[in-house]
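Here are a few exercises to work through with the model open in your viewer. Try each task before you read its solution.

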Amino acid sequence: MLDRITPLILTYNEEANIRRLLLSLTWAKRVVVIDSGSTDGTHSIVSEFRNANLYERKFDSHAAQWNFGIAETLIDTDWVLALDADYGLTDVFIAELARLDPGPAIAGYRAKFRYCIEGIPLRGGLYPPVTVLFRRRAAHYLQDGHTQRVRVGGETASLAHPLLHDDRKPLERWFASQIQYMRQEARHLIDTPAAELRLPDRVRRLVVVAPALVFFHCLIVKGGLLDGRRGLFYSMQRAVAEAILSAFLVEVRLRRR
């Protein structure tokens, strides 16, 4: 199955992460990287890998970047493995990919994640399962708030082994990203009728409730307390992200009044 898969990666100033990911993709005949104008060492690192082809495209939305990668980069394999630069593939995950034998009804596979802090997995996290492997001709990305979701024309199965999420960019970069993401998410939550939102998103619209609930959930329910400082750091990150979202929700409502 591995020879039927082309990994596809989005990057923007990912020198802290991209080498680790590409080292786990040496099995691929070709890796496609869509870069949004990096100014750090991302391009130089990608050029070290003979199986990696880098394309530059000015960023407009994540969905558009993914759709460009699928349709405009001469990918000729049946399957695409869509990866963020801060993902990590374990040996058992790669072995599972190699063993896959999907029937014609299967159009995609979703994967769970183990969240890592400086390379060490936490006991639990909030990162949801994502459809990361899909038939190229059956897939199209749609923007959904600050994130994007792939729509596949067929059944989606689940992979047994998780991917790693291991972002090692500086905390300052994380704050900048959250400000950008949560501004978009606030508009999305306010503009979407409550009946169409999932329960967690309806709770997030309550503003003052979500940050405290998320901190408690990560630290106690997800076992962050047992992960020591790494668990506390992750719990604080998620609570801060929700607090940023709450501030933007208030701001949007004030300006619209």
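**Exercise 1.** Decide whether leucine 206 counts as buried or exposed, and find the patch that includes this residue.

*Solution.* Start with the number: leucine 206 has 51% relative accessibility. The cut-off for exposed is over 50%, so leucine 206 counts as exposed. Finally, look at its partners. Leu206, Val208, Val209 and Leu213 make a nonpolar surface patch of about 360 Å². Keep in mind that this is a predicted model.

**Exercise 2.** Find the salt-bridge partner of glutamate 14 and work out which parts of the chain the pair ties together.

*Solution.* Step one is the partner: glutamate 14 forms a salt bridge with lysine 169, and the closest N and O atoms are 3.1 Å apart. Step two is location. Glutamate 14 lies in the loop between strand E1 (5-11) and helix H1 (18-23), while lysine 169 lies in the loop between strand E13 (163-165) and helix H5 (171-191), so the pair ties together parts that are 155 residues apart in sequence. Step three is exposure, where buried means under 20%. Glutamate 14 has 9% relative accessibility, so it counts as buried. Lysine 169 comes in at 15%, so it counts as buried too.

**Exercise 3.** Take the salt bridge between aspartate 227 and arginine 123, and say which parts it ties together.

*Solution.* The N to O distance here is 2.6 Å. Aspartate 227 lies in the loop between helix H7 (209-221) and helix H8 (228-256), and arginine 123 lies in the loop between strand E8 (120-121) and strand E9 (130-135), so this pair ties together parts 104 residues apart in sequence. Now check each side: aspartate 227 is buried, with a relative accessible area of 16%, whereas arginine 123 is exposed at 53%.

**Exercise 4.** Which helices does the salt bridge between aspartate 191 and arginine 256 link?

*Solution.* First, the contact: the two side chains of aspartate 191 and arginine 256 meet at 2.6 Å, N to O. Then the helices: aspartate 191 is in helix H5 and arginine 256 in helix H8, so the pair links distant parts of the chain, 65 residues apart.

**Exercise 5.** How many salt bridges does the structure hold, and which residues are linked in a network of them?

*Solution.* The count is 14 salt bridges. The network links Glu185, Arg198, Asp201, Arg204 and Glu242.

Notes. Residues numbered from 1 in each chain as written. Predicted model: local features only at pLDDT ≥ 70, side-chain atom pairs only at ≥ 80, totals over all residues. Heavy atoms only, no water. Salt bridge = Lys/Arg side-chain N within 4 Å of Asp/Glu carboxyl O. Helix = DSSP H or I, 4+ residues; strand = E, 2+ residues; numbered from the N terminus. Buried < 20%, exposed > 50% of the residue type's maximum accessible area, 1.4 Å probe, protein only. Patch = residues over 30% accessible without salt bridge, like charges linked within 9 Å, V, L, I, M, F, W, Y side chains within 5 Å. Areas by Shrake-Rupley, 256 points an atom, 1.4 Å probe, with all protein chains shown as cover.
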